[in-house]
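Subject: Structure handover

Hello,

Here is the structure I promised you. Please open it first, then read my notes beside it.

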Amino acid sequence: MSVIAANLQAVKNDIAAAAQQAGRSPDAVTLLAVSKTVSAGRVREAFDAGQRAFGENYVQEGVDKIAALDALRGQIQWHFIGPLQSNKTRPVAEQFDWVHAIDRLKIAERLSAQRPAGLPPLQVCIQVNISNEDTKSGVAPAEVPALAQAIAALPNLQLRGLMAIPAPAADPAAQRQPFAALRALLDQLRQSGLKVDTLSMGMSADMDAAIAEGATLVRIGTAIFGARR
């Protein structure tokens, strides 16, 4: 077994343990392998070990990697998880399957307009600045309901849910608080009639807390691929 394959199995075991501890099915949590700065060859190695969902932070790097692995296009799910500038929406709309970090309507409108005919709707999440950090991207929690309704009305997009990267906290109870707040926001959207099902939250340091609060997708990179180069 390769190092990446062994790492993947260890992470999956950790996810399963956290889910079981929270009284959830491990199958309810999707592992998104964060492959930014990772070569296409190492992504292929993770694919060969059974991983199917990969997250990219940089547009050109992601597009190049998608092209390099074009033979696997129907089998890999590509997620764009980094901040997205309006002048870079077209390649994301054309190449990716998911976008996690929408924080304003203009970006969503451009993605909708630029999604090629014939492709399935682009799956999207709203990024929420759940810890109200001045330096963090994301929409304020109070603005989420109106933005969600506007995005849900756009063609060629399917609003799936919410994403957040909370401020770091060492204490597990403190880690859970912002994740609980994000879950409450998703519940609010459901109560308003939106069909949303995704909580993209949790990384290596706070994955257990995120899963305890209902994360459906966790983003893990270095624990799979090793230290960034």
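UniProt positions are given in the numbering used here, feature names are shortened, and annotations may be inferred rather than shown by experiment. With that in mind, UniProt places the feature "domain: Alanine racemase N-terminal" at residues 7-228, in an unreviewed entry. Please remember that this is a predicted model.

**The chain as a whole**

The protein chain has nine helices and eight strands. Its radius of gyration is 17 Å, close to the 17 Å that the globule rule gives for 229 residues, so the chain is as compact as a globular protein of that length. Along the principal axes, the C-alpha atoms fill a box of roughly 50 × 45 × 30 Å. Of the 229 residues, 48% count as buried.

Residues 24 or more positions apart account for 60% of them.

Back to the span that UniProt marks as a domain, residues 7-228. This span is 41% helix and 17% strand. Its end C-alpha atoms lie 15 Å apart.

**Lys-36**

Start here when you zoom in. UniProt places the feature "modified residue: N6-(pyridoxal phosphate)lysine" at Lys-36, again in an unreviewed entry. Lys-36 is found in the loop between β1 and α2.

Why does Lys-36 count as partly exposed? Its relative accessibility is 22%, and the partly exposed class runs between the buried limit of under 20% and the exposed limit of over 50%.

Which residues does Lys-36 contact, leaving aside its neighbours within four places in sequence? They are Gly-55, Glu-56, Asn-57, Tyr-58, Glu-61, Lys-65 and Arg-228.

**The largest pocket**

The largest pocket holds about 290 Å³ of space. It is lined by 18 residues, and the closest to its centre are Val-34, Lys-36, Asn-57, Ile-81 and Met-203. Note two names from the previous section: Lys-36 and Asn-57 are in contact with each other.

The largest share, three residues, comes from α1. By class, the lining divides into six nonpolar, three polar and three charged residues.

**Two backbone angles to check**

Most residues other than glycine have a negative phi.

Thr-37 has a positive phi of about 65°, although it is not a glycine. Thr-37 sits in the loop between β1 and α2 (40-48). Its relative accessibility is 35%, so Thr-37 counts as partly exposed.

Asn-156 is not a glycine either, and has a positive phi of about 70°. Where is Asn-156 placed? It lies in the loop between α6 (144-152) and β6 (157-163). Asn-156 counts as partly exposed because its relative accessibility is 37%.

Best wishes

Technical notes: Residues numbered from 1 in each chain as written. Predicted model: local features only at pLDDT ≥ 70, side-chain atom pairs only at ≥ 80, totals over all residues. Heavy atoms only, no water. 1 Å grid on protein atoms, 1.4 Å probe; cavity = no way out; pocket = protein on both sides within 12 Å on 5 of 7 lines; lining within 4 Å. Points joined across faces, edges and corners; volume = space filled by probe spheres on them. Helix = DSSP H or I, 4+ residues; strand = E, 2+ residues; numbered from the N terminus. Nonpolar A, V, L, I, M, F, W, Y, C, P; charged D, E, K, R; others polar. Buried < 20%, exposed > 50% of the residue type's maximum accessible area, 1.4 Å probe, protein only. Contact = heavy atoms within 4.5 Å. Rg over C-alpha atoms; globule rule 2.2 N^0.38 Å.
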